[in-house]
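This report goes through one structure in parts, starting from a single pair of residues and ending with the division into domains.

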Amino acid sequence: MYMSTTVFRGTVILPSGLLPQGVVLVEGERIVAVGPEREVKLPLGATVIDAKEGYVSPGFVDIHTHGGGGFDFMDGTQEAVRVSNRVHARHGTTSIFPTTTTGTPAQLVDMLDAVESVRHDWNVADGARIGGVHWYGPYFATEKVGAHPKGYERNPDPAEYGPALARGIIKTATCAAELPGAVEFCRVARAAGCLVTCGHSNASWPEMAAVYEVGMRHVDHFWNAMSSTDSIRKRLNTPQRGSMAEFVLYHPEMSTEVIADGFHHAPEMLQFAYRMKGSARLCLVSDCSRALDTPPGIYRIGHHETGEPFENNGTVGVLPGTEKLAGSIFPMEHMIRVMMRDTDAGLAEVIRMASLTPAELTGLAKDRGSLEQGKLADVVLLSPDLFVQRTFINGVEFKQSVL
Ligand SMILES: [Zn+2]
């Protein structure tokens, strides 16, 4: 079989640091060598792709994202999945976790069906490769639903999540720890191989401890829609107790994620999260709504008919007529630039938080998440100021012209 050979040249971003004047040698869909240009023997006739003054980066892995290009994954159609995944691929995301939110049981089944069928006959023209579904809604606490569709949140129901998890496509599973049935949900999700996460929750330390016991190890978007010592005291009327924040900061095994769009958090909060958890336990996520790459206006979070209206004001999602946040409208490459601007993390660490760390947490790291020999060639070319120039998935370029 004919195998194409490609050489990516430039400053290569490795998990351990930057490699100036480096090369990544790709044969077919896999990386066969990475090293300094003078040490790697380049085959004759290889296609050379030069990042020039820019960077050769691993493709991004986004474990929390709701859609893009006008579509939300909860629309439940193959078109919604393909358009969203293409728009994210344009911005450098090569592995994506389409994320559910609150909705009817039928809407959730439609979403899983749509993602499954796109994954089944996926090719690079379909955009970012599906790492798995993030089952995020509907098991949210009512007082922490936030901007997501209200009235569709519910307690975990084995009749719903049993068949959903048994499909094998869900790789990340969220539940508010204080809901009745949360422990059993987390146990089943962990047994199904998921990264088990707590989010949209007002849980106390003991409630977190109960789900930690059965495998919960992650909290969705740190500080957003989660408990604080103050919210716990209001809810339980007890002396101050530890909240989700203390639980995550205390336990080295707990990981979390930040929405580093520059609007959800002041710089010191991003710096704090990075300093406290480190780049191996903190992920960057886009948490992007359907408003990615769309003009300002009114859109919906969740299903296009029953979703919650929000306004894309050009920089962030807000509840219409307010300044109350309703999710980001930016892709991963933007989050990377904000982390570089607002924290003292170096470029290799920031990229790790957008690629290898989420890949490790979701079980993808054997094949993806970094530029290492033997892994699939998910490669992004970045300009010196960290804008995505070109995206390659499995060694094949994603052509912007399909958009
Ligand atoms: Zn979200």
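## A pair of strands

A173 stands opposite V196 in β12. Strand β12 (residues 195-198) runs parallel to β11 (residues 170-174), and three bridges join them. Strands (E, at least two residues) and helices (H or I, at least four residues) are DSSP runs, numbered from the N terminus. Two strands count as paired if DSSP finds at least two bridges between them.

The model is predicted: local features need pLDDT of at least 70 and side-chain atom pairs count only at pLDDT 80 or more, while totals for chains, interfaces and linings use all residues. Residues are numbered from 1 along each chain as its sequence is written.

## The sheet

Six strands form an open sheet in the order β10-β11-β12-β13-β14-β15, with parallel pairing. Because β10 (133-135) and β15 (282-284) each have a single partner strand, they stand at the edges and one side of each lacks a neighbour in the sheet. From one strand to the next, the twist averages 30 degrees.

Helix α8 (residues 267-277) lies across β14 (255-258) and β15, and runs at about 160 degrees to β14. Axes are lines fitted to C-alpha atoms, for helices over the stretch in contact, and angles run from 0 to 180 degrees between N-to-C directions.

## Two domains

The chain is divided into domain 1 (5-57 + 382-402) and domain 2 (60-368), with bounds from an automatic or database domain assignment. The contact takes 17 residues from domain 1 and 19 residues from domain 2; residues are in contact if their C-beta atoms, placed from the backbone, lie within 7 Å.

Methods. Contact = placed C-beta atoms within 7 Å.
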